[in-house]
Amino acid sequence: MEVKIVSECFDPWQEIQQFQKTAEDMRGKFGATSVFVGTMRDFNEGDDVKGMMLEHYPGMTEKQLENIIAEAMNKWRIIDVLVVHRVGDVFPDDPIVLVAVWSSHRGDAFDTSRYIMEALKSKAPFWKKELLATDTERWVDKNTDGYL
Amino acid sequence: MSIKVRYFASLKEEVGRSEEELEFVGIASVIDVWKQANDDKALPTNILAAVNMEYVELDSLVNDGDEVAYFPPVTGG
């Protein structure tokens, strides 16, 4: 498994290609790759948003994400997992999070990526502060329900 | 015992600092640490706590050298 917290804009598709290229033990073994990419919107709660600052708790973030992935790997038959998450100043259309899961069959890949994403939303210590088009700032106080 | 206290996000702005070191004599829980650090003020509702980077209940006991963190619900992803 690999967990990366990055402070610069990243390309999720390059991250996946790079991971697959270097993970030689996966070659010929995976039949399914499930990919989730979360991207910043330019609106939230009915307001135009022009930027966002993502704060995190260094150390605890990585620890919680590794715990979540380990739980998932115990629950489903997974070959490998890559999670990348942005921190710092983020702008609309920037990728915020990548969850990529490799497994032999699609069921395990789909279920694991959903599980990791929902657990990340409730347990990984990240916080978003939005900069609205009106130049006012506000903390995001809750995440939207992933099952709506 | 010595405890490192950390605050994050909107709570950090509310208390006006990001971290501090506190000294305790005897047994202390996570809520005791909050109270000593914040002039006995009640912990705002919905605030979560972690000791050494693992989530804990507010009545959990702390040990010498622990890092205790307080923060609002997380909003990553």
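In this predicted model, B:Ala49 stands opposite B:Val56, a residue of β4(B). The strand pair concerned is β3 (residues 48–51) of chain B and β4(B), which run in the antiparallel sense and are joined over three bridges. Strands of a sheet pair through backbone hydrogen bonds, either parallel or antiparallel.

Both strands belong to an open sheet of five strands in chain B, ordered β2-β1-β5-β3-β4, and its pairing is mixed. At the edges lie β2 (19–23) and β4 (54–56) of chain B, each of which pairs on one side only. On average, neighbouring strands of this sheet are turned by 30° against each other, direction ignored. Helix α2 (residues 30–37) of chain B lies across β1 (2–7), β2, β3, β4 and β5 of chain B, and its direction is at about 105° to β2(B).

Chain B also touches chain A: 13 residues of chain B are in contact with 24 residues of chain A. On the chain B side, α1 (9–15) and β5 (67–71) each supply at least two residues. That side consists of nine nonpolar residues, four polar and no charged.

Within chain A, helix α2 (residues 60–75) packs with helix α3 (residues 106–123) at an angle of about 150°, the axes being 10 Å apart. Because angles over 145 degrees count as roughly antiparallel, α2(A) is roughly antiparallel to α3(A). Their crossing is right-handed. From α2(A) the contact takes A:Gln64, A:Leu65, A:Ile68, A:Ile69 and A:Ala72, and from α3(A) it takes A:Thr112, A:Tyr115, A:Ile116, A:Ala119, A:Leu120 and A:Lys123. The residues of this contact comprise eight nonpolar, two polar and one charged.

Notes
Residues numbered from 1 in each chain as written. Chains lettered and ligands numbered in written order. Predicted model: local features only at pLDDT ≥ 70, side-chain atom pairs only at ≥ 80, totals over all residues. Axes fitted to C-alpha atoms, helices over the stretch in contact; angles between N-to-C directions. Helix = DSSP H or I, 4+ residues; strand = E, 2+ residues; numbered from the N terminus. Parallel < 35°, antiparallel > 145°, perpendicular 65-115°, else oblique. Left-handed = near helix turned anticlockwise from the far one by under 90°. Contact = placed C-beta atoms within 7 Å. Nonpolar A, V, L, I, M, F, W, Y, C, P; charged D, E, K, R; others polar. Pairing = 2+ DSSP bridges.
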